[in-house]
Amino acid sequence: MKKENAPKLLEALEDGIYIIKKDYTIEYMNTAMMNLFGDGIGGKCYEVINRRDTPCQWCNYENVFHHKETHSEEVYIEWLDRSFKVIEIPVDNRDGTTSKLSIYKDITRKKEQEAKLKSSKEDYRRLFENVGCGVFQSSREGRFLDVNPALLKMLGYNDKEEFLALDLATDLYLRPEDRQRYMEIIEEKGRVLDYEMEWKRKDGSIMQVLLTGHIRCGAHGQVLGYEGIVVDQSHRKRMENKMKEAYDFLDKTILCSPNAIMATDLKGDVIIWNQGAEEIFDY
């Protein structure tokens, strides 16, 4: 088939198209195919397409020519450094012979994007699994959809399935109304930052947490749920309480001492003046 006699439709397509005879000889290539592989009309397809002396390993010659079957698969052509989706179709000619029409759709960019996306997903999963703070995805209805090992450990659970079955409002939040308030804030603002509340561990002990999260939306903007991180603040809270107790004890000791206890800042302004000082100095 000469190029000038080819159907205009084949010439207008952006995909590469070529037709071979039963002996692998190329009898037609459209412009897109020539731009990719050069003018190979009259040559063997495997020499033109794959730069080899033997038929391409992905060629479905037998099935196309003998069984009249159409095949589709993705192939990578090393010398071009490009990936293609190849469709091979049997074509019955007027003289009773059969030819094979092949369509080469360049999917290199798509494969590169898929590889980047896969790499990003793997990076995210490694971070999700190994980060020290708790990470979660939850539904709007009040169930965890996914959590990382750190959150399970933080709350004293070994069985992830058991944890995913929890009702957040009643099984996790110390006060169910806190869950409702959290939902109102995050849906109004789209996110929350360091929201402080109390959760229950599996053993019933109370854990002070800081929640940072944002909403997860569907294709039409509807709220599907929430995702974010959880930081255990129990240790900090315990230390704060101990310091407060120490300060309270010191304050009471100073105030109740029969001795006059006074203190000033560097400017000489009085900052401590206990009851003993009041009685002695009558101020």
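**View 1. Tyr24 is a buried residue of the predicted model, with a relative accessible area of 18%.** Buried stands for under 20% relative accessible area, exposed for over 50%, and partly exposed for the range in between (1.4 Å probe, protein chains only). Although Tyr24 is not a glycine, its phi is positive, at about 75 degrees. Tyr24 lies in the loop between strand 1 (16-20) and strand 2 (26-29). Helices (H or I, at least four residues) and strands (E, at least two) are DSSP runs, numbered from the N terminus. Residue numbers start from 1 along each chain as its sequence is written, and side-chain values use heavy atoms, with hydrogens and water left out.

View 2. The loop between helix 3 (45-49) and helix 4 (61-67) holds Arg51. With a relative accessible area of 44%, Arg51 is partly exposed.

**View 3. Lys68 occupies the loop between helix 4 and strand 3 (71-77).** Its relative accessibility of 42% makes Lys68 partly exposed. Apart from neighbours within four places in sequence, Lys68 is in contact with Asn63, Pro90, Asp92 and Thr98; contact means heavy atoms within 4.5 Å. Lys68 and Arg143 are 75 residues apart in sequence, and their C-alpha atoms are 53 Å apart in space.

**View 4. Ser138 is part of strand 6 (residues 134-139).** Ser138 is buried, at a relative accessible area of 1%. When neighbours within four places in sequence are left aside, Ser138 is in contact with Arg143, Phe144, Leu145, Leu168, Arg179, Arg216, Gly225 and Tyr226. Between Ser138 and Thr70 the separation is 68 residues in sequence and 45 Å in space, C-alpha to C-alpha.

**View 5. The largest nonpolar core has 27 residues.** A nonpolar core is a set of buried Ala, Val, Leu, Ile, Met, Phe, Trp, Tyr and Cys residues joined through side-chain atoms within 4.5 Å. The residues with the most contacts inside this core are Phe144, Leu151, Phe163, Tyr182, Trp199 and Leu211. Among the elements giving two or more residues to this core are strand 7 (144-147), helix 6 (149-155), helix 9 (176-189) and strand 9 (206-217). Phe163 is in contact with Phe144, Val147, Leu151, Leu152, Leu155 and Tyr157, its neighbours within four places in sequence being left aside. A second, separate core of 23 residues includes Tyr18, Ile49, Tyr61 and Val86.

View 6. Along the principal axes, the C-alpha atoms fill a box of roughly 125 × 45 × 35 Å. Of the 283 residues, 36% count as buried.

Technical notes
This is a predicted model: local features need pLDDT of at least 70, side-chain atom pairs count only at pLDDT 80 or more; totals for chains, interfaces and linings use all residues.
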